[in-house]
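Colleague: Could you take me through how to read the packing of helices in a model such as this one? I would like the general idea before the particular case.

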Amino acid sequence: MKDILSLVRPNIASLSPYSTARDEYKGDIGIFLDANENPFNNGYNRYPDPRQRALKARISLLKGIAPEQIFIGNGSDEAIDLCFRIFCIPGTDNAIAIRPSYGMYRVAADINDVPLREVPLNADFSLPVDNLLDQTDEHSKLLFLCSPNNPTGNCFPLEQITYLLNRFGGMVVVDEAYIDFAEQPSLLTLLDKYSNLIILQTLSKAYGMAGLRLGLAFAAKEVMQLFANVKYPYNINLSAMEHAERLLARDVCSEVEIIKKERMRITKALSTLPCVLRVYPSDANFLLVKVTDADRIYDQLIEGGVIVRNRSRVKGCEDCLRITIGTPAENDNMLSIVSAFNKPLIVK
Ligand SMILES: Cc1ncc(COP(=O)(O)O)c(C=O)c1O
């Protein structure tokens, strides 16, 4: 186990976190005159549990990870921001990321005044393992890997990630937002071995709760304690926790299976179209599609009421659209518009 505390910003390592009224009293029953709340019950008059114990217990069962190794954030974006706030001294430390990848690593780095060194993926979107290590120095505190990667859709092999975990001197953050759509298993089983590993997941994708804003981080107990110390005390509201507990009782496997089948069907259908140059293999719930005329196809889709993501100006994704897998009917709609693109009008 690496000495993680030596990587932490000194002001964070020595932080006395805010202690909420509910942190001090552990019971559920009593007369609560400790938090200046309105005493009249309307279901939401009390502050929520700052440690989210009930929801963590449920996630712990689902993922097979101890509650002390779980952080729940206001979306994974909160966890990404916390990585910077906990580990990087603004203006001094730096972070490494692959390119193209999820845009929030750059935004969070910029907000925190931390230079982000972006390393292009290889032409086939594989991981440039040694180039990533070449970019590091003694101030490199974070390395972001997104697997399956947004927007390229591919997973990175376990051996390459462990290679980096063994050699990188800082924290390796593996964003598994789309892991439930992948054939490859999650890296959660590596947490016992690597104290420098942070895994991000989310309830926004396969679990269908994007509107509730619930992101997850998993890491060694000591790392999760730092997250708990730095987060806003009541970062998850009661309503979101209640809805999540109810929705987590549902089995999403059948939805994930439909999405995966649709992914295959759309891949085949798009691949036959003249305006489609390439559909990249995807382990996620979206497809990256290289087309002859990204802007015009994008506009045509918009005109037909179908909104996709135009990634053609992202380095490494030139001429590409990123298309989320929708319901079968939504996908048919999208396919009929792309199929009609550039078809000559038949004049009788
Ligand atoms: C790779 C990746 N990570 C994280 C997120 C954000 O997830 P959340 O909704 O939990 O903030 C996204 C959203 O699209 C994503 O693509």
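Colleague: How many degrees lie between the axes of helix 11 and helix 12 where they cross, and within what distance do the axes come?

Modeller: Two packed helices are described by the angle between their axes and the distance between the axes. Here the axes of helix 11 (residues 294–303) and helix 12 (residues 328–340) come within 10 Å and cross at roughly 130 degrees. The axes are lines fitted to C-alpha atoms, for helices over the stretch in contact, with angles running from 0 to 180 degrees between N-to-C directions, and helices are DSSP runs (H or I, at least four residues; strands are E, at least two) numbered from the N terminus. Helix 11 and helix 12 are therefore oblique to each other, given that angles under 35 degrees count as roughly parallel, over 145 as roughly antiparallel, 65 to 115 as roughly perpendicular and the rest as oblique.

Before we go on, please note that this is a predicted model, in which local features need pLDDT of at least 70 and side-chain atom pairs count only at pLDDT 80 or more, while totals for chains, interfaces and linings use all residues. Residues are numbered from 1 along each chain as its sequence is written, and side-chain values use heavy atoms, with hydrogens and water left out.

Colleague: Which residues make the contact between helix 11 and helix 12?

Modeller: Ile297, Gln300 and Leu301 of helix 11 meet Met334, Ile337 and Val338 of helix 12, where contact means heavy atoms within 4.5 Å. By class this contact has five nonpolar, one polar and no charged residues; Ala, Val, Leu, Ile, Met, Phe, Trp, Tyr, Cys and Pro count as nonpolar, Asp, Glu, Lys and Arg as charged, and the others, Gly among them, as polar.

Colleague: At what angle do helix 4 and helix 5 cross?

Modeller: The axes of helix 4 (residues 76–87) and helix 5 (residues 104–111) cross at roughly 45 degrees and come within 9 Å, and these two helices are therefore oblique to each other. From helix 4, Asp77, Ile80, Asp81 and Phe84 are in contact with Met104, Tyr105, Ala108 and Ala109 in helix 5, a set with six nonpolar, no polar and two charged residues.

Colleague: How many helices and strands does the chain have?

Modeller: The chain has twelve helices and eleven strands. Along its principal axes, the C-alpha trace spans about 80 × 55 × 30 Å. Of the contacts with a separation of 6 or more, 69% are between residues 24 or more positions apart.
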